[in-house]
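Follow the sulfur atoms along the chain.

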Amino acid sequence: MARRCGRATSRFSEIHKISVRMTATAAFFFCLCLAAEAGLYTASDQIVLLSEQNVGSVLINSSAAMVVEFYASWCGHCISFSPTYKKLARDIKEWKPAVNMAAIDCAAEENVKICMVYKIRGYPTIKFFHAYSTAESSGVAYRAFSHDIRELRHRIIDSLESHGEPWPPACPPLEPTSEAEIYNFFETHTGQHLALIFEDAKSYIGREVTLDLLQFENITVRRVLNTEEGLVAKLGVTEFPSCYLYYPDGNFTRLRVNFEARAFYFYALQRLPGVVRSGKPKPVSMDLLKNRTEEPWRHFNNSRVYMADLESALHYSLRVELAVQSVIKGEALIALKNYISVLAKYFPGRPVVMNLLKSLNSWLQDQTADRISYEAFKERVDNTAQVANAALPEGVRWVGCQGSQPHFRRYPCGVWILFHVLTVQASTTGGSDPQEVLKAMRNYVHNFFGCRYCAEHFENMAKEGLEKVDTLPSAALWLWSRHNQVNNRIAGAMSEDPLFPKIQWPSPEMCPSCHIVKDTGDHGWNKEQVFSFLWSYFSSSHILPDYLENEDEILEKQRAKHSLQLQDSFAQKNVQRKAREASNPITPSPSSPVQEGEEGEEDEGPQDETEAYEEDNEGGEENPALAVSNIEDKSSEPSPWTKSKLVDVHGLQQSHRIPSIIGMRLRQQKEDIVDLDSFVNQHFRAKALQLAASNRIKQRTLQTKVEQEPRPAFSLGMELDAGLGMVGLQPMDADLELNLIHQGKRLKKRELAGQYFRGEAELDRRGHWISVLSIGFSNVDISLCVILYALSFMCLLSMYVFFRNHLRRRRVKVALP
């Protein structure tokens with residue numbers, strides 16, 4: 001006994017002893033490590049990937065039996081066998097508590113020692129490890145196995161039946177039952193249903209269905225041989241195989257299925273009342289779903305597609321999932337363009353949604369930069385450009401994709417339906433590229449889908465067989481088959497809704513002609529009938545518009561949202577303007593007379609312009625777009641000076657607020673050095689500017705007096721006048737005539753403001769030339785220069801006359817004889 005225990009504990013110590021003899025072999029396999037780096041299987045294949053770190057915990061003392069493939073990733077036969085092994089893993093996925101599947105790549109350098117310990121001499125090798133195997137067990141090899149899944153499945157069942165003790169605790173009994181055991185079944189068991197499958201001794205259907213349903217509660221399956229004559233005669237069984245349900249009251253009923261086959265038994269039995277997966281909560285009753293307060297339950301037909309689900313999926317995709325990336329660039333930007341292009345081509349939406357998708361696609365295709373911001377993209381999704389009759393409803397309204405709990409189904413269900421619809425629409429409308437929709441879906445999931453684990457699984461599926469899609473119908477069938485693979489993989493997971501269990505879709509109830517039984521007795525699909533079903537189920541004419549929001553209401557909500565955004569933008573800019581005014585005051589300096597003159601000059605005009613602007617925006621809801629455009633125009637230019645007057649209660653005193661500049665930089669203070677010439681020059685310039693300003697003020701005062709007319713009675717209001725900073729007055733009677741009078745006054749004030757700024761611009765130009773001509777010269781300097789120029793001119797003129805007369809005299813003397 002001690003010797004056996006010593007051998008059991010020293011199994012992996014032998015690895016160290018033979019490591020020297022394996023040096024040459026390890027060097028050979030090292031050359032192949034690149035090929036073995038990824039292996040032939042992934043976690044998406046529902047196969048346990050063995051390595052040096054986990055091989056001991058998986059194979060030794062495991063409560064489940066294990067089927068392990070030892071392969072080399074460079075082996076051609078292993079590569080051709082891998083699809084069969086993957087299908088086998090999906091086929092017996094429900095057997096996992098009793099038997100599980102694993103694989104190890106012996107071509108990987110770190111796995112070479114493990115494969116040699118388990119005496120692997122060729123590839124691929126499949127071995128069966130019993131439950132609770134010891135460390136010295138090397139497994140039972142399957143000799144001359146084929147690529148037939150049915151044969152491999154039967155071999156596994158034979159290995160389980162010959163298992164012996166200790167029996168896998170999760171594995172139900174596989175031997176035939178007797179009549180006495182059936183009659184006493186409910187005395188020792190608490191299950192609600194007992195299914196009896198009558199078959200001959202060579203049939204495996206009863207044992208397969210028993211293992212298929214071992215993860216479900218309230219259902220027990222037993223096989224009864226045709227040799228049990230008493231029970232066969234009592235129930236009147238004439239067909240083998242056939243299935244009967246036995247109830248606690250002693251009654252029997254036959255289970256009606258389309259075909260007497262394993263897949264149809266499994267589907268029908270798991271849908272019996274009270275049958276649920278182990279560890280899963282019971283389905284929520286419809287009464288509780290109807291009485292939910294957080295979201296009402298919407299009744300739907302599970303054989304139809306709802307447009308509300310498609311629009312909800314679009315909303316979540318474009319407004320929620322894409323928002324995670326603040327900047328979309330590179331490969332992700334290309335994926336987004338292809339995704340929107342496919343939607344614009346094939347989405348069978350309402351006119352308002354299609355107009356938005358086409359507008360969004362046009363804008364996106366025109367982007368030539370290598371990146372875009374999500375904010376710019378979202379503005380197009382929200383139609384801030386105000387494209388006519390274009391909108392995407394906000395919020396989700398799940399119907400066919402609603403779940404029994406808020407965390408079940410919904411968006412993943414909507415995405416699947418969306419791409420099924422797109423593949424069928426591409427086939428219906430005659431798309432040019434069979435892989436166009438599939439590539440767009442693959443790249444979108446790869447770059448944007450929030451569940452990264454799901455995205456990885458989908459990418460693994462896309463690598464298998466996507467390049468073989470060469471027709472539009474085959475594209476729809478490829479997506480359908482991969483959807484069923486996902487259903488098979490996540491069936492029984494925590495994400496499965498107990499009210500909507502994952503099945504191989506469509507069910508025999510929805511499409512009986514889609515299901516066939518092969519000559520071997522296994523389930524099969526009639527691909528032609530499946531495509532006809534997909535074409536009908538996902539066609540645009542088959543989509544129901546129930547629970548959709550009215551298009552006019554959608555457009556009205558969109559306009560109201562834009563109006564509110566414009567008001568918020570105006571208020572925000574107004575706050576920013578006031579903040580800049582408060583943070584950038586200009587303090588008048590006594591040593592700067594020029595600044596004082598400019599302030600006095602500019603301090604008068606902009607007040608009228610500001611008041612006209614504020615009056616023009618009273619009740620800004622009438623035309624918020626115009627208000628925002630005016631603000632944007634003004635924000636691009638230096639804001640004018642502002643001035644406010646506060647009148648005391650008795651009207652005897654006036655105090656002037658210090659003007660400020662909005663959006664302009666303050667002049668840096670210069671050194672306190674006085675230049676007499678420049679001082680005189682600036683003094684005269686300031687006087688000229690003040691004189692011009694006073695003339696404009698007089699003209700404006702005369703115009704204001706002419707404009708004054710009798711005004712309507714006013715009542716005190718609680719709104720603040722932005723121009724005066726006081727409690728404003730609101731008219732008591734705002735009829736149409738007064739509104740027209742006020743609109744005329746606002747237009748006049750705008751014209752006065754424009755005249756003021758044009759005059760000020762001309763004065764600035766004149767002042768510019770005056771300053772250029774008079775820099776550094778006083779009036780005395782100019783007078784002296786003029787006198788000097790005159791004296792110089794007289795001197796030059798006298799010299800010219802003198803020399804000319806002198807030359808004439810000499811010529812006369814030379815000419816005499």
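The link of C401 and C413 is left-handed, with -65 degrees about the S-S bond. The pair links distant parts of the chain, 12 residues apart: C401 lies in the loop between α18 (374–381) and α19 (411–429), and C413 in helix α19. Helices here are DSSP runs (H or I, at least four residues), numbered from the N terminus. The two sulfurs of C401 and C413 sit 2.1 Å from each other, joined in a disulfide. That term covers a pair of cysteine sulfur atoms within 2.5 Å.

The model is predicted: local features need pLDDT of at least 70, side-chain atom pairs count only at pLDDT 80 or more, and totals for chains, interfaces and linings use all residues. Residues are numbered from 1 along each chain as its sequence is written, and side-chain values use heavy atoms, with hydrogens and water left out.

Is C401 buried or exposed? C401 is buried, because its relative accessibility is 0%. C413 is buried too, at 15%. Buried means under 20% relative accessible area, exposed over 50%, and partly exposed in between (1.4 Å probe, protein chains only).

The disulfide count is four. In sequence order, the bonded cysteines of the protein chain pair 1-2, 3-4, 5-6, 7-8. One of the links joins C106 to C115, S to S 1.9 Å. This C106 and C115 link is left-handed, at -90 degrees. Both C106 and C115 are buried.

C451 and C454 also bond, with sulfurs 2.3 Å apart. Their link is right-handed, at 65 degrees. C451 is partly exposed at 30%, and C454 is partly exposed at 33%.

Methods. Helices (H or I, at least four residues) and strands (E, at least two) are DSSP runs, numbered from the N terminus.
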